[in-house]
Amino acid sequence: MAKAWMCLCFLIFFYLSSESNFIKVNAEMKTWCVAKPSSDQATLLDNINYACSHVDCRILSSGCPCYSPGNLINHASIAMNLYYQANGRNYWNCNFKNSGLIVITNPSYGNCYYEYT
C-alpha cells in the first residue's frame with residue numbers, strides 16, 4: 001500500500017510540475033502541499049520552523065484539531081500547506097528543499113481541515 005501511495009504521489013507531482021500542465025492544473029484544480037513520506041525528521045522540523053515563521057500555525061497547538069496525531073510528518077504537512085496556500089499555490093512554494101508534494105486529494109482528516117484558499 002505504501003509503495004502504491006508513493007507511486008501515485010510521484011505521478012501527481014510529475015504531472016503538476018510539468019511545464020505544460022503546471023499553470024492549467026493550478027488554475028483549475030484544488031491542490032494542497034504535504035510532506036514527502038521519505039523526508040527525514042530534521043528536514044520535517046526545518047519545514048515546520050520555516051513555514052510557521054511565515055504563517056500562523058496555531059492550528060498545530062495542543063488542543064487544536066490538527067495537533068493529533070502529534071508526529072512530525074503530519075505537523076510538517078499542515079505547516080507546509082498553510083505556507084503553500086498563503087503564497088500562491090505554486091510548485092516553488094511546496095518544494096521545501098525537495099521534501100514537499102503537491103496533491104490533488106484533500107488530505108484533511110477528522111476535524112483537521114487542510115486550508116485551501
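**Reading helices, loops and contacts in a predicted chain**

Biologist: F96 is found in the loop between helix 4 and strand 2. How are helices and strands assigned?

Modeller: Helices (H or I, at least four residues) and strands (E, at least two) are DSSP runs, numbered from the N terminus. The model is predicted: local features need pLDDT of at least 70 and side-chain atom pairs pLDDT 80 or more, while totals for chains, interfaces and linings use all residues. Residues are numbered from 1 along each chain as its sequence is written, and side-chain values use heavy atoms, leaving out hydrogens and water.

Biologist: How many helices and strands does the protein chain have?

Modeller: The protein chain has four helices and two strands. From the N terminus, the order is α-α-β-α-α-β.

Biologist: Which two residues does a cis peptide bond join?

Modeller: The cis bond joins S68 and P69, with omega about 0°. P69 sits in the loop between helix 3 and helix 4.

Biologist: Is F96 buried or exposed?

Modeller: Buried means under 20% relative accessible area, exposed over 50%, and partly exposed in between (1.4 Å probe, protein chains only). F96 has 11% relative accessibility, so F96 counts as buried. N95 is buried too, at 17%. N98 is partly exposed, at 46%. Across the protein chain, 42% of the 117 residues count as buried.

Biologist: What does N98 lie 2.8 Å from?

Modeller: The backbone nitrogen of N98 is 2.8 Å from a polar atom of the N95 side chain. N95 lies in the loop between helix 4 and strand 2 (100–103).

Biologist: How does the reach of helix 4 compare with the expected span?

Modeller: The expected span is 1.5 Å times one less than the number of residues. Helix 4 covers residues 72–86, which is 15 residues. From first C-alpha to last, helix 4 reaches 21 Å, close to the 21 Å expected. Twelve of its 15 residues are buried, so helix 4 is largely enclosed by the rest of the structure. Among the buried residues are N74, H75, I78, M80 and Y84.

Biologist: Which residues of helix 3 are buried?

Modeller: L44, N47, I48 and A51 are buried in helix 3. Seen down the helix axis, the buried residues of helix 3 fall within an arc of 100° (taken from the directions from the axis to the C-beta atoms), so they line one face of the helix. An α-helix has 3.6 residues a turn, so residues three or four places apart point the same way. The end C-alpha atoms of helix 3 (residues 41–52) are 16 Å apart, which agrees with the 16 Å its twelve residues should span.

Biologist: What do the buried residues of helix 3 pack against?

Modeller: They are in contact (heavy atoms within 4.5 Å) with strand 1 (32–35) and helix 4. Over the protein chain, take contacts between residues at least 6 apart in sequence; 73% of these join residues at least 24 apart.

Biologist: Which residue caps the N-terminal end of helix 3?

Modeller: D40 is the cap of helix 3. A side-chain oxygen of D40 is 3.1 Å from the backbone nitrogen of A42.

Biologist: How many salt bridges does the structure hold?

Modeller: Side chains of opposite charge can pair when their charged atoms come close. A salt bridge is a side-chain nitrogen of Lys or Arg within 4 Å of a carboxyl oxygen of Asp or Glu. The structure holds one salt bridge. D56 and R58 form it, at 2.6 Å from N to O. D56 is partly exposed, at 43% relative accessibility. R58 is exposed, with a relative accessible area of 58%.

Biologist: Where is R58 placed?

Modeller: R58 is in the loop between helix 3 and helix 4. R58 and A79 are 21 residues apart in sequence, and their C-alpha atoms are 9.6 Å apart.

Conventions:
Polar contact = N/O pair within 3.5 Å; in protein donor to acceptor, adjacent residues only side chain to side chain.
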